[in-house]
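Colleague: Could you show me the model and go through its charged pairs and its nonpolar surface?

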Amino acid sequence: MRDRIEQVHVFSDESTLKEELKLIVDITEKYALKWFEQIKVKKKDLPDNFLKEEWAPLLQSFIRKNSIKFDNIESILILDKMLKKEVSKEEIYSISYCFGEIIKQNFGAEWDYSPEDGPFINNIAGSEKIALKPFVLVTKIVMNPDVLSLEYFFINIKSAVDGIKN
């Protein structure tokens with residue numbers, strides 16, 4: 001914004017500082033408050049709580065249709081393959097749930113819910129230090145499918161778990 005500066009505010013003593021600050025407050029009230037209101041960051045959309053009972057039929061159908069087995073890490077490759085294509089919002093939730101369940105089955109963990117973050121997995125491998133937000137990870141993959149994958153995240157979680165065990 002340097003090229004936009006039309007006025008420089010300087011002061012030499014307490015009296016001129018107060019004058020300059022009053023002028024800055026006036027400018028802020030007159031122009032900046034309206035601008036700040038216009039550029040206000042929207043509150044992030046929280047994921048639906050796919051842990052609720054009403055999601056169960058949709059999740060079970062997704063699991064059956066795609067032959068997802070929570071105790072088989074090969075299912076991660078099936079989910080990753082899906083994420084390389086265009087996926088619906090419901091599929092993103094279903095993939096998030098399945099990935100969380102795979103983590104639970106392979107390392108031990110539990111689902112929890114936060115009003116700020118939605119569903120998440122905590123106490124992975126019995127450690128309070130390892131938690132993850134499957135919906136956030138899946139969303140990141142959707143934005144960058146050529147760079148990220150669930151397999152990548154699984155390997156990182158496995159490394160963290162192995163680090164705790166050693």
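This is a predicted model: local features need pLDDT of at least 70, side-chain atom pairs count only at pLDDT 80 or more; totals for chains, interfaces and linings use all residues.

Modeller: Residues are numbered from 1 along each chain as its sequence is written, and side-chain values use heavy atoms, with hydrogens and water left out.

Colleague: How many salt bridges does the count come to?

Modeller: Side chains of opposite charge can pair when their charged atoms come close. The rule asks for a side-chain nitrogen of Lys or Arg within 4 Å of a carboxyl oxygen of Asp or Glu. By this rule the count is four.

Colleague: Which residue meets Lys22 in a salt bridge?

Modeller: The N to O distance in this pair is 3.4 Å. Both residues lie in helix α1, four residues apart, about one turn of the helix; helices are DSSP runs (H or I, at least four residues), numbered from the N terminus. The partner of Lys22 is Asp26.

Colleague: Is Lys22 buried or exposed?

Modeller: Buried means under 20% relative accessible area, exposed means over 50%, and partly exposed is in between (1.4 Å probe, protein chains only). The relative accessible area of Lys22 is 53%. Lys22 is therefore exposed.

Colleague: Is Glu101, the salt-bridge partner of Lys104, buried or exposed?

Modeller: The closest N and O atoms of Lys104 and Glu101 are 3.6 Å apart. Lys104 is partly exposed at 27% relative accessibility. Glu101 has a relative accessible area of 7%, so Glu101 is buried.

Colleague: Why are Asp162 and Lys158 separated by about one helical turn?

Modeller: Their side chains meet in a salt bridge at 3.1 Å, N to O. Asp162 is partly exposed at 29% relative accessibility, and Lys158 is partly exposed at 38%. The separation is about one helical turn because the two are four residues apart in helix α6 (residues 150–165).

Colleague: What is the area of the nonpolar surface patch that includes Trp35?

Modeller: Patches are made of residues with over 30% relative accessible area and no salt bridge, like charges being joined within 9 Å and nonpolar side chains (Val, Leu, Ile, Met, Phe, Trp, Tyr) within 5 Å. Trp35, in helix α1 (residues 14–38), is partly exposed at 44% relative accessibility. Areas come from the Shrake-Rupley method with a 1.4 Å probe, and for residues only the protein chains shown count as cover. Leu33, Trp35, Phe36 and Ile39 make a patch of about 420 Å².
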